[in-house]
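This briefing is written for a reader who meets the structure for the first time. It begins with the sheet and then moves to the helices and to a few single residues.

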Amino acid sequence: MEPDTRPEAAADGAVVEFDAVTKSFGADAPALDEVSLTARAGEVVVLLGLSGSGKSTLLRHVDGLQAPTSGRVRVLGTDVGAASSRELRRLRRRVGFVFQQFHLVGPLTVLENACHGALGGLRAPRLGLPLYPRSVRRAALEQLDRVGLADRAFQRADTLSGGQQQRVAVARALLQRPEILLADEPVASLDPESAHQVMELIRAVAAEERLTVLCSLHQVDLALSWGDRVVGLRSGRVVMDAPTAGLGRDDAMAVYSRVGAPAPAPAA
Ligand SMILES: Nc1ncnc2c1ncn2[C@@H]1O[C@H](COP(=O)(O)OP(=O)(O)OP(=O)(O)O)[C@@H](O)[C@H]1O
């Protein structure tokens, strides 16, 4: 039998590995301080922490938008700090990103916004829906169907509700056929019902595609409902790393206590 030479196939199934990662911006206290964590294929990891605790910085290291000051980040077999710009571009094609503010192009149709998920794999920029290959348009429609919005395909994106726009952003990310999905406070701008729908959708696609999800949230209840694991950050340090099964709301809330207050210890 041929040996499995795929670089991403770590023996323990780890697809994201942070090893003593510190990220400093100038003379300020580091945004990430000796962070070590692992995410495995198909795992939904929720990041909790106060504003400024380092959640976005951590996510930006996973798709190589930022490189560590020290320590090592390894994602799908790529050492992010040592990768060439070509290797980083290749990595980013395998990592989808969903943002709090959706980042759709409002005047364009829902379908064209979904098609943007294919841009990383196309040779030239596409201006206008007809310039996308038919296969891309078909795949984008399938993803819109999956998020329940196929009937809105030819509507302007900015005429949709916030929850619907975020579902379009998920469809756009899925068009990339990512192996990792990063979500930076994806439901912070949504009402509770829409937030629930978006988290349910992310959870469902993670299960169907064995996607690894890293998602920052401010809502502890959503974290406990939808995550497999909670990683708590405080001032750039991991102060909690625990499975959600058996984790109580008060345990998770301890992440938000101020410096000096006790918090659950990181998992061994
Ligand atoms: N490009 C940058 N230049 C300088 N400082 C930065 C930069 N990016 C982040 N920081 C700092 O790093 C720290 C962590 O920021 P980060 O955005 O990662 O926190 P966060 O937990 O995602 O916050 P929020 O919940 O408000 O989004 C903050 O002190 C922030 O000011």
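**The sheet and its surroundings**

In this predicted model, six strands come together in an open sheet whose order is β6-β7-β8-β3-β9-β10, and the pairing within that sheet is mixed. The edges are formed by β6 (95-99) and β10 (237-243), each of which pairs on one side only. From one strand to the next the twist averages 15 degrees. The chain as a whole holds eight helices and ten strands, and 43% of its 268 residues count as buried. Among contacts between residues at least 6 apart in sequence, 69% join residues at least 24 apart.

**Strand β3 within the sheet**

- Strand β3 (residues 44-49) runs parallel to strand β9 (residues 229-234), and five bridges join the two.
- β3 also runs parallel to β8, to which it is joined by four bridges.
- Leu 47 stands opposite Val 231, which belongs to β9.
- Six of the six residues of β3 are buried, and the strand is therefore largely enclosed by the rest of the structure.
- In a regular strand, side chains alternate between the two faces of the sheet.
- In β3, Val 44, Val 46 and Leu 48 point one way while Val 45, Leu 47 and Gly 49 point the other way, and all of them are buried.

**Edge strand β6**

- β6 pairs with β7 in the parallel sense, over five bridges, and within this pairing Phe 99 stands opposite Asp 184 in β7.
- Although β6 is an edge strand that pairs on one side only, four of its five residues are buried, so β6 is largely enclosed by the rest of the structure.

**Helices lying across the sheet**

- Helix α5 (residues 162-175) lies across β6 and β7 (180-184), and its direction makes an angle of about 170 degrees with β6.
- Helix α6 (residues 192-209) lies across β3, β7 and β8 (212-216), running at about 160 degrees to β8.

**Packing of α4 with α5**

- Helix α4 (residues 134-146) packs with α5 at an angle of about 135 degrees, and the axes of the two helices are 9 Å apart.
- That angle makes α4 oblique to α5, and α4 passes α5 in a right-handed crossing.
- On the α4 side the contact is made by Ala 139, Ala 140, Gln 143, Leu 144 and Arg 146, while α5 contributes Ala 171, Leu 174 and Leu 175.
- The residues of this contact of α4 with α5 divide into six nonpolar, one polar and one charged.

**Helix α1**

- Seven of the eight residues of helix α1 (residues 55-62) are buried, so α1 is largely enclosed by the rest of the structure.
- The buried residues of α1 are Lys 55, Ser 56, Thr 57, Leu 58, Leu 59, His 61 and Val 62.
- After α1 comes Gly 64, which has a positive phi near 75 degrees.

**Leu 211 in its loop**

- Leu 211 lies in the loop between α6 and β8, and it counts as buried because it has 23 C-beta neighbours inside 10 Å.
- If neighbours within four places in sequence are left aside, Leu 211 is in contact with Gly 42, Pro 178, Glu 179, Ile 180, Leu 181, Val 205 and Ala 206.
- Leu 211 and Val 231 are 20 residues apart in sequence, and their C-alpha atoms are 18 Å apart in space.

- Most residues other than glycine have a negative phi.
- Glu 34, a residue other than glycine, has a positive phi near 55 degrees, and it lies in strand β2 (residues 32-40).
- Glu 34 counts as partly exposed because it has 15 C-beta neighbours inside 10 Å.
- Ser 235 is likewise not a glycine, and its phi is positive at about 50 degrees; this residue lies in the loop between β9 and β10.
- With 16 C-beta neighbours inside 10 Å, Ser 235 counts as partly exposed.

Notes: Residues are numbered from 1 along each chain as its sequence is written. This is a predicted model: local features need pLDDT of at least 70, side-chain atom pairs count only at pLDDT 80 or more; totals for chains, interfaces and linings use all residues. Two strands pair if DSSP finds at least two bridges between them. Axes are lines fitted to C-alpha atoms, for helices over the stretch in contact, and angles run from 0 to 180 degrees between N-to-C directions. Two residues are in contact if their C-beta atoms, placed from the backbone, lie within 7 Å. A residue is buried if 20 or more other C-beta atoms lie within 10 Å of its own, exposed if 12 or fewer, and partly exposed in between; C-beta atoms are placed from the backbone. Angles under 35 degrees count as roughly parallel, over 145 as roughly antiparallel, 65 to 115 as roughly perpendicular and the rest as oblique. A crossing is left-handed if the near helix is turned anticlockwise from the far one by less than a right angle, and right-handed if clockwise. Ala, Val, Leu, Ile, Met, Phe, Trp, Tyr, Cys and Pro count as nonpolar, Asp, Glu, Lys and Arg as charged, and the others, Gly among them, as polar.
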